[in-house]
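Please look over the structure below. A short report follows, written to be read beside the model.

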Amino acid sequence: MADSPNLVAVTAQNFQDVVIDGSYDRPVLVDFWATWCAPCRALMPILAKLADEYGGRLLVAKLNTEEEQALAAQFGIRSLPTVQLFKDGRPVDQFMGALPEAQVREFLERHLPRQSDALLDRITDQLILGDLAGAQDALDQARAKDPGNPRLFLAEVQIKAASGDTQGAEELLNQVPADLVKDPEVLALRGQLHFANLAASAPPESALAARLAANPRDSEASYLLAARQAANGDLEGALDRLLALLKRDRAYGDDAARKTMIHIFDLLGGAGPLVSAYRAKMLSALY
């Protein structure tokens with residue numbers, strides 16, 4: 001297939017520019033394929049058609065895994081075809097196998113911009129500013145304009161969590177529609193709520209650091225400090241601390257270190273270099 005403005009081949013040399021950086025401007029669908037893979041050849045015309053149909057709303061990037069084995073391994077590709085959708089610099093969803101056009105279209109519609117998305121993006125801005133009333137007003141406008149947008153549900157959860165009603169947010173998240181259960185945004189919200197609850201009940205970081213200085217084998221202090229790190233956005237630091245706890249005290253908190261590492265993987269969308277690296281380290285520590 002010839003390249004077009006909406007369908008391009010990517011390699012290790014241009015992956016950062018085309019996929020990672022480009023996904024901040026529009027979603028990038030990366031097709032991991034190989035010449036020997038018959039299902040890959042069946043899927044390619046569908047992706048090419050949709051790339052043309054969606055025009056500037058979507059970029060389809062083809063990555064030959066035979067020529068780019070290291071890059072495929074970096075993103076955890078184990079079967080072909082695997083198709084990953086990148087947004088804002090990271091993979092947020094994927095499917096495997098040569099799906100029919102209708103299913104590929106349904107997959108894409110969950111992520112492509114909609115009429116009400118600008119209002120939903122405004123909710124995030126309002127929450128950062130601490131304007132709960134403004135966020136709720138934007139949600140009401142989005143619901144009136146585009147009631148079928150699945151992101152309305154997630155925005156409502158975010159508003160509840162930001163208001164301090166983490167229990168209400170969790171209860172609402174437990175009612176998530178079946179087709180969103182494994183959605184990366186839902187998994188990320190679960191992770192955020194998990195760490196928000198842990199951090200809310202944990203002692204201050206200074207107190208936890210003092211406990212560890214007095215007793216480096218204080219598993220509870222180490223675990224709670226990792227939770228605070230995750231809640232504050234230091235995910236790699238939290239993973240390092242949890243990995244060390246997993247190696248030293250696997251039984252702590254009914255396998256809490258491993259379970260919490262998985263929460264962080266969810267926060268990161270379940271894929272990407274950091275997830276791949278620490279998932280491998282976790283499995284090595286376990287087995």
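C37 is buried, with a relative accessible area of 2%. C40 counts as buried too, at 1% relative accessibility. Both values fall under the 20% cut-off for buried residues. The model is a predicted one, and in it a disulfide joins C37 to C40, with an S to S distance of 2.4 Å. The torsion about this S-S bond is about 85 degrees, so the disulfide of C37 and C40 is right-handed. A search of the whole structure finds one disulfide.

**Confidence**

The protein chain averages a pLDDT of 90. In this chain, 99% of the residues score at least 70. Confidence is highest in strand β2, at 97. It is lowest in helix α9 (residues 184-201), where the mean is 82.

**The sheet**

Five strands form an open sheet with mixed pairing, in the order β1-β3-β2-β4-β5. Which strands stand at the edges? They are β1 (7-9) and β5 (90-96). Each has a single partner strand, so one side of each is left without a neighbour in the sheet. From one strand to the next, the twist averages 25 degrees.

Strands of a sheet pair through backbone hydrogen bonds, either parallel or antiparallel.

| Strand pair | Sense | Bridges |
|---|---|---|
| β2 (residues 28-33) and β3 (residues 59-64) | parallel | six bridges |
| β2 and β4 | antiparallel | five bridges |
| β4 and β5 | antiparallel | six bridges |

The bridge partner of W33 is N64 in β3. D31 stands opposite V83 in β4. Q84 stands opposite Q94 in β5.

β4 is mostly covered, with five of its six residues buried. β4 and β5 form a hairpin with two residues between the strands. In that hairpin, D88 takes a positive phi near 55 degrees.

**Helices on the sheet**

Strand β2 pairs with β3 in the parallel sense. Helix α2 (residues 38-54) packs on the sheet and touches β1, β2, β3, β4 (82-87) and β5. The direction of α2 makes about 165 degrees with that of β2. Helix α4 (residues 101-109) also packs on the sheet, touching β2, β4 and β5. The direction of α4 makes about 160 degrees with that of β5.

**Helix pairs**

Two packed helices are described by the angle between their axes and the distance between the axes. How do α12 and α14 lie, and what is the crossing angle of their axes? The axes of helix α12 (residues 235-248) and helix α14 (residues 273-286) come within 10 Å and cross at roughly 10 degrees. Angles under 35 degrees count as roughly parallel; α12 and α14 are therefore roughly parallel to each other. On the α12 side, the contact is made by E236, L239, D240, L243, L246 and K247. On the α14 side, L274, Y278, K281, M282, A285 and L286 take part.

Next come α7 and α9. The axes of helix α7 (residues 151-162) and α9 come within 11 Å and cross at roughly 10 degrees. That makes α7 roughly parallel to α9. In α7, the residues that meet α9 are R151, L154, V157, Q158 and A161. Their counterparts in α9 are E185, V186, L189 and L193.

Key
Residues are numbered from 1 along each chain as its sequence is written. This is a predicted model: local features need pLDDT of at least 70, side-chain atom pairs count only at pLDDT 80 or more; totals for chains, interfaces and linings use all residues. Side-chain values use heavy atoms; hydrogens and water are left out. Two strands pair if DSSP finds at least two bridges between them. Helices (H or I, at least four residues) and strands (E, at least two) are DSSP runs, numbered from the N terminus. Axes are lines fitted to C-alpha atoms, for helices over the stretch in contact, and angles run from 0 to 180 degrees between N-to-C directions. Contact means heavy atoms within 4.5 Å. A disulfide is a pair of cysteine sulfur atoms within 2.5 Å. Buried means under 20% relative accessible area, exposed over 50%, partly exposed in between (1.4 Å probe, protein chains only). pLDDT is the predictor's confidence in each residue, from 0 to 100. Angles under 35 degrees count as roughly parallel, over 145 as roughly antiparallel, 65 to 115 as roughly perpendicular and the rest as oblique.
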